[in-house]
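Me: I am new to this structure. Please take a close look at one part of it, then show me what lies around that part. Keep it brisk.

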Amino acid sequence: MQTPREISENRVMHGIAVALLSEDREHLSALQSRLEATQLGRAVFTQAGLPVGPTDEILRQLQESRAEVVIVDVPTQNAERAIRAIELVRATTQIAIFANGEMTQPANIVASMRAGAGEYVDHSAGSEALLEALTRFSTTRSRASGGAGKARVFTFLGAKGGSGCTTTAVNTAVALQKSHGNVVLVDFAPIGHAALHLNLRPQFGVADALQNLHRMDVSLLDGLMTPTDEGLHLLAGPQQPYPTEPTPGELARLFDLLVNHYRFVVVDASSRLDPTTRLLSDLSNAVLVVAQSDVVSLWSAGRIYAFLEEGSGRDRLRVVLSRYKKIPGFTDEDVKHATNCKVLWKIPNAFHTVAPAIDHGKPVVLQEGPEISRSFRGLAATLAEASSNSDGGPDLVFGQERASSKKPAPGRLNLSPMRAGE
(Lines give C-alpha, C1' and ligand atoms only; values in the text may rest on other atoms or scores of the structure.)
Protein backbone atom coordinates (compact mmCIF):
# COMPACT_ATOMS: atom_id res chain seq x y z
CA MET A 1 0.00 0.00 0.00
CA GLN A 2 1.29 3.49 -0.87
CA THR A 3 1.95 5.98 1.89
CA PRO A 4 0.23 9.40 1.72
CA ARG A 5 3.58 10.91 0.70
CA GLU A 6 3.98 8.44 -2.19
CA ILE A 7 0.42 9.05 -3.31
CA SER A 8 1.07 12.80 -3.23
CA GLU A 9 4.32 12.43 -5.22
CA ASN A 10 2.66 10.29 -7.87
CA ARG A 11 -0.16 12.78 -8.15
CA VAL A 12 2.35 15.53 -8.88
CA MET A 13 4.34 13.43 -11.29
CA HIS A 14 1.37 12.73 -13.54
CA GLY A 15 1.00 16.34 -14.67
CA ILE A 16 -0.94 19.44 -13.68
CA ALA A 17 -4.03 18.51 -11.67
CA VAL A 18 -7.02 20.34 -13.17
CA ALA A 19 -10.64 20.71 -12.03
CA LEU A 20 -13.39 21.51 -14.55
CA LEU A 21 -16.59 23.39 -13.68
CA SER A 22 -19.44 24.08 -16.10
CA GLU A 23 -23.22 24.21 -16.05
CA ASP A 24 -23.27 22.94 -19.63
CA ARG A 25 -22.59 19.18 -19.83
CA GLU A 26 -21.57 19.40 -23.48
CA HIS A 27 -19.06 22.13 -22.67
CA LEU A 28 -17.80 20.05 -19.75
CA SER A 29 -17.22 17.05 -22.00
CA ALA A 30 -15.48 19.22 -24.61
CA LEU A 31 -13.27 20.76 -21.92
CA GLN A 32 -12.22 17.33 -20.70
CA SER A 33 -11.33 16.23 -24.24
CA ARG A 34 -9.27 19.38 -24.81
CA LEU A 35 -7.48 18.86 -21.51
CA GLU A 36 -6.58 15.26 -22.34
CA ALA A 37 -5.25 16.38 -25.74
CA THR A 38 -2.69 18.69 -24.12
CA GLN A 39 -0.93 15.73 -22.38
CA LEU A 40 0.15 18.31 -19.79
CA GLY A 41 -2.95 18.46 -17.61
CA ARG A 42 -5.16 15.76 -16.12
CA ALA A 43 -8.69 16.07 -14.81
CA VAL A 44 -8.97 15.31 -11.08
CA PHE A 45 -12.46 16.74 -10.59
CA THR A 46 -15.34 17.55 -12.97
CA GLN A 47 -18.63 19.11 -11.95
CA ALA A 48 -21.72 19.91 -13.99
CA GLY A 49 -22.53 22.87 -11.79
CA LEU A 50 -21.06 25.93 -10.10
CA PRO A 51 -20.66 26.90 -6.44
CA VAL A 52 -23.18 29.48 -5.29
CA GLY A 53 -21.91 30.27 -1.80
CA PRO A 54 -18.81 30.05 0.42
CA THR A 55 -20.07 26.85 2.09
CA ASP A 56 -21.03 25.13 -1.15
CA GLU A 57 -20.16 21.42 -1.28
CA ILE A 58 -18.46 21.93 -4.65
CA LEU A 59 -15.78 24.10 -3.02
CA ARG A 60 -15.05 21.42 -0.44
CA GLN A 61 -14.78 18.75 -3.15
CA LEU A 62 -12.56 21.07 -5.19
CA GLN A 63 -10.10 21.42 -2.31
CA GLU A 64 -10.14 17.69 -1.56
CA SER A 65 -9.26 16.94 -5.19
CA ARG A 66 -5.96 18.84 -4.69
CA ALA A 67 -6.42 20.54 -8.02
CA GLU A 68 -3.72 23.02 -8.99
CA VAL A 69 -5.83 24.73 -11.65
CA VAL A 70 -9.60 25.09 -11.93
CA ILE A 71 -11.18 25.93 -15.28
CA VAL A 72 -14.54 27.70 -14.99
CA ASP A 73 -16.71 27.72 -18.09
CA VAL A 74 -18.13 31.21 -18.73
CA PRO A 75 -21.22 31.11 -21.00
CA THR A 76 -21.75 33.77 -23.63
CA GLN A 77 -25.09 34.79 -22.11
CA ASN A 78 -25.88 35.12 -18.40
CA ALA A 79 -22.29 34.85 -17.27
CA GLU A 80 -23.01 36.22 -13.78
CA ARG A 81 -23.11 32.80 -12.06
CA ALA A 82 -19.75 31.82 -13.56
CA ILE A 83 -18.20 35.15 -12.52
CA ARG A 84 -19.55 34.61 -9.00
CA ALA A 85 -18.07 31.10 -8.98
CA ILE A 86 -14.64 32.51 -9.91
CA GLU A 87 -14.90 34.97 -7.01
CA LEU A 88 -15.80 32.15 -4.59
CA VAL A 89 -12.94 29.93 -5.72
CA ARG A 90 -10.51 32.82 -5.39
CA ALA A 91 -11.79 33.72 -1.91
CA THR A 92 -11.78 30.20 -0.47
CA THR A 93 -8.85 28.40 -2.14
CA GLN A 94 -5.29 28.93 -3.38
CA ILE A 95 -6.05 27.25 -6.72
CA ALA A 96 -5.10 29.01 -9.96
CA ILE A 97 -8.18 29.92 -12.00
CA PHE A 98 -8.66 29.80 -15.77
CA ALA A 99 -11.84 31.13 -17.37
CA ASN A 100 -13.07 29.40 -20.53
CA GLY A 101 -15.27 31.35 -22.90
CA GLU A 102 -15.72 33.14 -26.19
CA MET A 103 -13.17 35.80 -27.13
CA THR A 104 -15.96 37.83 -28.78
CA GLN A 105 -17.32 38.82 -25.36
CA PRO A 106 -14.98 41.52 -23.97
CA ALA A 107 -17.29 42.25 -21.04
CA ASN A 108 -17.05 38.61 -19.91
CA ILE A 109 -13.27 38.61 -20.32
CA VAL A 110 -12.84 41.75 -18.21
CA ALA A 111 -15.30 40.52 -15.56
CA SER A 112 -13.55 37.12 -15.34
CA MET A 113 -10.11 38.65 -14.90
CA ARG A 114 -11.38 41.12 -12.29
CA ALA A 115 -13.04 38.27 -10.41
CA GLY A 116 -9.73 36.42 -10.13
CA ALA A 117 -9.07 34.43 -13.30
CA GLY A 118 -5.39 34.37 -14.24
CA GLU A 119 -6.05 33.16 -17.79
CA TYR A 120 -8.94 33.50 -20.24
CA VAL A 121 -8.93 30.59 -22.68
CA ASP A 122 -10.72 30.78 -26.01
CA HIS A 123 -13.43 28.11 -25.98
CA SER A 124 -13.31 27.67 -29.77
CA ALA A 125 -9.49 27.50 -30.12
CA GLY A 126 -9.15 23.78 -29.45
CA SER A 127 -6.47 22.28 -27.22
CA GLU A 128 -3.69 24.61 -28.40
CA ALA A 129 -4.90 27.63 -26.41
CA LEU A 130 -5.36 25.50 -23.30
CA LEU A 131 -1.90 23.99 -23.75
CA GLU A 132 -0.34 27.45 -23.96
CA ALA A 133 -2.11 28.53 -20.76
CA LEU A 134 -1.03 25.39 -18.90
CA THR A 135 2.52 25.81 -20.21
CA ARG A 136 2.65 29.35 -18.83
CA PHE A 137 1.33 28.08 -15.50
CA SER A 138 3.87 25.24 -15.42
CA THR A 139 6.74 27.57 -16.38
CA THR A 140 5.88 29.99 -13.59
CA ARG A 141 5.46 27.17 -11.10
CA SER A 142 8.76 25.58 -12.15
CA ARG A 143 10.62 28.83 -11.54
CA ALA A 144 8.81 29.73 -8.35
CA SER A 145 10.62 29.15 -5.09
CA GLY A 146 9.48 28.58 -1.57
CA GLY A 147 7.66 25.27 -2.02
CA ALA A 148 9.05 21.98 -0.80
CA GLY A 149 10.43 19.86 -3.58
CA LYS A 150 10.74 22.75 -6.04
CA ALA A 151 14.16 22.57 -7.65
CA ARG A 152 16.25 25.45 -8.90
CA VAL A 153 17.14 25.22 -12.58
CA PHE A 154 20.56 26.37 -13.85
CA THR A 155 21.14 26.28 -17.61
CA PHE A 156 24.66 26.49 -19.05
CA LEU A 157 25.14 27.81 -22.60
CA GLY A 158 28.41 27.87 -24.51
CA ALA A 159 29.30 31.16 -26.18
CA LYS A 160 31.00 29.09 -28.89
CA GLY A 161 32.24 25.56 -29.43
CA GLY A 162 35.08 24.56 -27.13
CA SER A 163 34.32 27.22 -24.53
CA GLY A 164 34.12 24.63 -21.74
CA CYS A 165 30.36 24.64 -21.28
CA THR A 166 29.95 20.90 -20.68
CA THR A 167 32.99 20.82 -18.39
CA THR A 168 31.52 23.65 -16.32
CA ALA A 169 28.02 22.16 -16.20
CA VAL A 170 29.28 18.69 -15.23
CA ASN A 171 31.65 19.90 -12.51
CA THR A 172 29.07 22.30 -11.08
CA ALA A 173 26.48 19.52 -10.96
CA VAL A 174 28.92 17.16 -9.22
CA ALA A 175 29.85 19.87 -6.71
CA LEU A 176 26.18 20.56 -5.94
CA GLN A 177 25.56 16.84 -5.50
CA LYS A 178 28.50 16.51 -3.10
CA SER A 179 27.46 19.51 -1.01
CA HIS A 180 23.64 19.33 -1.15
CA GLY A 181 22.52 16.09 -2.83
CA ASN A 182 19.48 15.31 -4.98
CA VAL A 183 20.83 16.86 -8.21
CA VAL A 184 20.04 15.93 -11.80
CA LEU A 185 22.16 16.88 -14.81
CA VAL A 186 20.10 17.13 -18.02
CA ASP A 187 22.06 16.98 -21.27
CA PHE A 188 20.30 19.06 -23.93
CA ALA A 189 23.36 19.42 -26.15
CA PRO A 190 22.80 18.55 -29.83
CA ILE A 191 25.02 15.50 -29.22
CA GLY A 192 25.44 14.61 -25.57
CA HIS A 193 28.96 14.59 -24.12
CA ALA A 194 28.14 14.77 -20.40
CA ALA A 195 28.14 10.96 -20.13
CA LEU A 196 31.72 10.85 -21.43
CA HIS A 197 32.82 13.41 -18.84
CA LEU A 198 31.31 11.16 -16.15
CA ASN A 199 32.49 7.84 -17.64
CA LEU A 200 28.89 6.60 -17.92
CA ARG A 201 27.14 4.43 -20.50
CA PRO A 202 23.49 5.49 -20.32
CA GLN A 203 20.78 3.30 -21.79
CA PHE A 204 18.13 6.03 -21.76
CA GLY A 205 18.00 9.80 -21.88
CA VAL A 206 16.17 12.98 -22.79
CA ALA A 207 14.65 11.56 -25.97
CA ASP A 208 13.13 8.63 -24.06
CA ALA A 209 11.69 10.97 -21.44
CA LEU A 210 10.03 13.16 -24.07
CA GLN A 211 8.57 10.12 -25.83
CA ASN A 212 7.07 8.74 -22.62
CA LEU A 213 5.64 11.84 -20.96
CA HIS A 214 2.10 10.48 -21.32
CA ARG A 215 2.84 7.67 -18.86
CA MET A 216 5.58 9.22 -16.73
CA ASP A 217 5.66 8.64 -12.98
CA VAL A 218 8.36 8.61 -10.29
CA SER A 219 9.46 5.06 -11.04
CA LEU A 220 9.75 5.58 -14.79
CA LEU A 221 11.62 8.88 -14.31
CA ASP A 222 14.13 7.18 -12.01
CA GLY A 223 14.49 4.35 -14.52
CA LEU A 224 15.56 6.79 -17.24
CA MET A 225 18.38 8.19 -15.09
CA THR A 226 22.01 7.05 -15.05
CA PRO A 227 23.55 7.57 -11.58
CA THR A 228 27.17 8.34 -10.76
CA ASP A 229 29.08 7.00 -7.76
CA GLU A 230 28.47 10.35 -6.03
CA GLY A 231 24.70 9.99 -6.47
CA LEU A 232 24.32 12.55 -9.26
CA HIS A 233 21.59 11.58 -11.74
CA LEU A 234 22.21 12.08 -15.46
CA LEU A 235 19.40 12.38 -17.97
CA ALA A 236 21.65 11.76 -20.94
CA GLY A 237 21.70 13.55 -24.26
CA PRO A 238 21.32 11.87 -27.65
CA GLN A 239 24.19 9.95 -29.20
CA GLN A 240 23.22 11.40 -32.57
CA PRO A 241 21.34 14.60 -33.49
CA TYR A 242 17.73 14.40 -32.31
CA PRO A 243 15.46 14.73 -35.37
CA THR A 244 12.68 16.78 -33.73
CA GLU A 245 12.43 19.58 -31.17
CA PRO A 246 10.23 19.25 -28.09
CA THR A 247 7.08 21.36 -28.08
CA PRO A 248 6.66 24.02 -25.38
CA GLY A 249 4.14 21.77 -23.66
CA GLU A 250 6.48 18.77 -23.67
CA LEU A 251 9.38 20.78 -22.31
CA ALA A 252 7.24 22.36 -19.60
CA ARG A 253 5.87 18.94 -18.67
CA LEU A 254 9.37 17.41 -18.42
CA PHE A 255 10.64 20.22 -16.20
CA ASP A 256 7.48 20.09 -14.14
CA LEU A 257 8.45 16.51 -13.35
CA LEU A 258 12.10 17.29 -12.66
CA VAL A 259 11.59 20.27 -10.35
CA ASN A 260 9.20 18.25 -8.21
CA HIS A 261 11.67 15.40 -7.83
CA TYR A 262 15.07 17.08 -7.36
CA ARG A 263 16.67 19.90 -5.41
CA PHE A 264 18.76 21.26 -8.28
CA VAL A 265 18.41 20.77 -12.03
CA VAL A 266 21.56 21.55 -14.03
CA VAL A 267 21.09 21.77 -17.81
CA ASP A 268 23.92 21.53 -20.32
CA ALA A 269 22.73 23.16 -23.55
CA SER A 270 26.29 23.59 -24.88
CA SER A 271 26.33 25.64 -28.11
CA ARG A 272 22.71 24.90 -28.92
CA LEU A 273 20.79 27.99 -30.11
CA ASP A 274 17.24 27.25 -31.24
CA PRO A 275 13.68 27.66 -29.92
CA THR A 276 14.39 24.91 -27.37
CA THR A 277 17.24 27.00 -25.94
CA ARG A 278 14.89 29.94 -25.49
CA LEU A 279 12.36 27.70 -23.74
CA LEU A 280 15.07 26.25 -21.49
CA SER A 281 16.13 29.77 -20.56
CA ASP A 282 12.57 30.79 -19.75
CA LEU A 283 12.26 27.74 -17.49
CA SER A 284 15.54 28.46 -15.68
CA ASN A 285 16.33 30.45 -12.56
CA ALA A 286 19.79 31.33 -13.89
CA VAL A 287 21.27 31.15 -17.40
CA LEU A 288 25.06 30.97 -17.35
CA VAL A 289 26.91 31.72 -20.58
CA VAL A 290 30.33 30.09 -20.52
CA ALA A 291 32.76 32.23 -22.49
CA GLN A 292 36.48 32.87 -22.78
CA SER A 293 38.22 36.25 -22.72
CA ASP A 294 38.64 36.55 -26.46
CA VAL A 295 36.88 38.72 -29.01
CA VAL A 296 35.01 35.90 -30.79
CA SER A 297 33.73 34.35 -27.58
CA LEU A 298 32.55 37.64 -26.06
CA TRP A 299 30.98 38.70 -29.36
CA SER A 300 29.08 35.41 -29.45
CA ALA A 301 27.91 35.88 -25.86
CA GLY A 302 26.45 39.23 -26.89
CA ARG A 303 24.58 37.55 -29.72
CA ILE A 304 23.15 35.02 -27.27
CA TYR A 305 21.78 37.90 -25.19
CA ALA A 306 20.16 39.32 -28.33
CA PHE A 307 18.74 35.89 -29.22
CA LEU A 308 17.08 35.59 -25.82
CA GLU A 309 15.55 39.06 -25.95
CA GLU A 310 12.25 37.63 -27.23
CA GLY A 311 11.87 35.58 -24.05
CA SER A 312 12.31 36.32 -20.37
CA GLY A 313 15.54 34.32 -20.01
CA ARG A 314 17.85 37.26 -20.78
CA ASP A 315 17.19 38.84 -17.37
CA ARG A 316 18.78 35.80 -15.74
CA LEU A 317 21.89 35.78 -17.95
CA ARG A 318 25.34 35.86 -16.36
CA VAL A 319 28.77 35.22 -17.84
CA VAL A 320 31.13 32.57 -16.50
CA LEU A 321 34.64 33.14 -17.84
CA SER A 322 36.47 29.86 -18.38
CA ARG A 323 40.22 29.34 -18.89
CA TYR A 324 40.57 32.76 -17.32
CA LYS A 325 43.86 34.63 -17.21
CA LYS A 326 44.05 38.18 -15.98
CA ILE A 327 44.69 40.60 -18.85
CA PRO A 328 46.09 44.01 -17.88
CA GLY A 329 43.59 46.74 -18.69
CA PHE A 330 40.74 44.28 -19.39
CA THR A 331 38.04 44.52 -16.72
CA ASP A 332 34.68 43.00 -15.88
CA GLU A 333 33.10 46.22 -17.15
CA ASP A 334 34.63 45.53 -20.56
CA VAL A 335 33.00 42.09 -20.55
CA LYS A 336 29.67 43.59 -19.55
CA HIS A 337 29.94 46.21 -22.29
CA ALA A 338 30.62 43.51 -24.91
CA THR A 339 27.98 41.01 -23.78
CA ASN A 340 25.29 43.05 -21.92
CA CYS A 341 25.81 40.58 -19.04
CA LYS A 342 27.62 40.82 -15.72
CA VAL A 343 30.43 38.43 -14.90
CA LEU A 344 29.36 35.94 -12.24
CA TRP A 345 32.46 33.74 -11.98
CA LYS A 346 35.97 33.22 -13.31
CA ILE A 347 37.36 29.71 -13.75
CA PRO A 348 41.17 29.66 -13.96
CA ASN A 349 43.02 28.21 -16.92
CA ALA A 350 44.11 24.67 -16.03
CA PHE A 351 44.13 22.76 -19.30
CA HIS A 352 46.76 20.24 -18.21
CA THR A 353 44.64 19.34 -15.17
CA VAL A 354 41.22 19.33 -16.84
CA ALA A 355 42.09 17.43 -20.04
CA PRO A 356 43.21 14.19 -18.29
CA ALA A 357 40.18 14.39 -15.98
CA ILE A 358 37.87 14.50 -19.01
CA ASP A 359 39.75 11.66 -20.72
CA HIS A 360 39.37 9.46 -17.62
CA GLY A 361 35.76 10.44 -16.95
CA LYS A 362 36.62 11.75 -13.46
CA PRO A 363 35.43 15.36 -13.01
CA VAL A 364 38.24 17.58 -11.79
CA VAL A 365 36.04 18.96 -8.99
CA LEU A 366 36.52 15.65 -7.17
CA GLN A 367 40.22 16.44 -6.75
CA GLU A 368 41.05 18.33 -3.57
CA GLY A 369 44.23 20.17 -4.50
CA PRO A 370 43.86 22.08 -7.78
CA GLU A 371 42.70 25.70 -7.75
CA ILE A 372 40.22 24.94 -10.53
CA SER A 373 38.52 22.35 -8.30
CA ARG A 374 38.01 24.98 -5.61
CA SER A 375 36.70 27.32 -8.29
CA PHE A 376 33.98 24.90 -9.40
CA ARG A 377 33.00 24.28 -5.78
CA GLY A 378 32.82 28.04 -5.25
CA LEU A 379 30.55 28.48 -8.28
CA ALA A 380 28.25 25.73 -6.98
CA ALA A 381 28.20 27.35 -3.54
CA THR A 382 27.26 30.70 -5.06
CA LEU A 383 24.36 29.18 -6.97
CA ALA A 384 23.15 27.30 -3.91
CA GLU A 385 23.49 30.41 -1.72
CA ALA A 386 21.43 32.48 -4.13
CA SER A 387 18.78 29.75 -4.06
CA SER A 388 18.58 29.63 -0.27
CA ASN A 389 18.42 33.43 -0.02
CA SER A 390 15.76 33.86 -2.69
CA ASP A 391 12.75 35.90 -1.69
CA GLY A 392 10.38 33.95 -3.92
CA GLY A 393 11.02 35.63 -7.25
CA PRO A 394 11.67 33.50 -10.31
CA ASP A 395 15.06 34.97 -11.16
CA LEU A 396 18.41 34.44 -9.49
CA VAL A 397 20.47 37.58 -9.98
CA PHE A 398 23.72 37.74 -8.15
CA GLY A 399 25.61 40.41 -6.34
CA GLN A 400 29.21 41.47 -6.68
CA GLU A 401 31.48 39.02 -8.45
CA ARG A 402 34.06 37.24 -6.32
CA ALA A 403 37.48 35.87 -7.09
CA SER A 404 37.16 32.28 -8.21
CA SER A 405 39.51 30.83 -5.65
CA LYS A 406 37.78 32.44 -2.67
CA LYS A 407 34.82 31.12 -0.79
CA PRO A 408 31.59 33.06 -1.32
CA ALA A 409 31.24 35.83 1.23
CA PRO A 410 28.44 35.33 3.74
CA GLY A 411 25.29 37.39 3.59
CA ARG A 412 22.36 37.89 1.30
CA LEU A 413 22.96 38.19 -2.41
CA ASN A 414 21.28 40.80 -4.57
CA LEU A 415 18.33 39.05 -6.22
CA SER A 416 16.79 42.00 -8.03
CA PRO A 417 16.49 41.50 -11.81
CA MET A 418 19.21 43.22 -13.83
CA ARG A 419 18.22 44.89 -17.06
CA ALA A 420 20.46 45.85 -19.96
CA GLY A 421 22.28 49.08 -19.31
CA GLU A 422 22.67 48.66 -15.54
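Reply: Start with the lining of the largest cavity: α7 and α15 each supply at least two of its residues. Helices (H or I, at least four residues) and strands (E, at least two) are DSSP runs, numbered from the N terminus. This is a predicted model, in which local features need pLDDT of at least 70, side-chain atom pairs count only at pLDDT 80 or more, and totals for chains, interfaces and linings use all residues. Residues are numbered from 1 along each chain as its sequence is written, and side-chain values use heavy atoms, with hydrogens and water left out.

The largest cavity has a volume of about 60 Å³. Its lining includes Thr 167, Val 170, Asn 171 and His 197. Val 354, Ala 357 and Ile 358 belong to that lining too. So do Lys 362, Pro 363 and Val 364. By class, this lining has 6 nonpolar, 3 polar and 1 charged residues. Here Ala, Val, Leu, Ile, Met, Phe, Trp, Tyr, Cys and Pro count as nonpolar, Asp, Glu, Lys and Arg as charged, and the others, Gly among them, as polar. A search of the whole structure finds 2 cavities of 30 Å³ or more.

How is a cavity told from a pocket? On a 1 Å grid over the protein atoms alone, a cavity is a set of points where a 1.4 Å probe fits but cannot get out; a pocket is an open set with protein on both sides within 12 Å along at least five of seven lines; lining residues have an atom within 4 Å of a point. Grid points are joined across faces, edges and corners, and a volume is the space filled by probe spheres set on the points.

Now the largest pocket. Its volume is about 490 Å³. It is lined by 28 residues, and the closest to its centre are Gly 162, Ser 163, Gly 164, Cys 165 and Thr 167. Two or more lining residues come from each of α7 (165–179), β12 (317–324), β13 (343–348), α15 (351–360) and α16 (371–388). By class, the pocket lining has 13 nonpolar, 13 polar and 2 charged residues. Thr 167 also lines the largest cavity.

Follow the chain on from α7. Asn 182 is found in the loop between α7 and β7 (183–187). Its phi is near 60 degrees, a positive value in a residue other than glycine. Most residues other than glycine have a negative phi. At 40% relative accessibility, Asn 182 counts as partly exposed. Buried means under 20% relative accessible area, exposed over 50%, partly exposed in between (1.4 Å probe, protein chains only).

Next comes β7. 5 of the 5 residues of β7 are buried, so this strand is largely enclosed by the rest of the structure. Val 183, Leu 185 and Asp 187 point one way from β7, while Val 184 and Val 186 point the other way.

β7 has its place in an open sheet of 8 strands, with the order β8-β9-β7-β10-β6-β11-β12-β13 and mixed pairing. Two strands pair if DSSP finds at least two bridges between them. The edge strands are β8 (226–227) and β13, each pairing on one side only. β7 and β10 (264–270) pair in the parallel sense over 5 bridges. In that pairing, Val 183 stands opposite Phe 264. Toward β9 (233–235), β7 runs parallel and is joined by 3 bridges. Leu 185 has Leu 234 as its bridge partner there, and Val 186 stands opposite Leu 235.

Helix α12 (275–283) lies across β6 (152–158), β10 and β11 (286–291), running at about 145 degrees to β6. Helix α13 (295–307) packs on the sheet as well, touching β6, β11 and β12, and its direction makes about 155 degrees with that of β11. Axes are lines fitted to C-alpha atoms, for helices over the stretch in contact, and angles run from 0 to 180 degrees between N-to-C directions. Contact means heavy atoms within 4.5 Å.

Last, the whole. The protein comes to 16 helices and 13 strands. Of its 422 residues, 54% count as buried. Among contacts between residues at least 6 apart in sequence, 75% join residues at least 24 apart.
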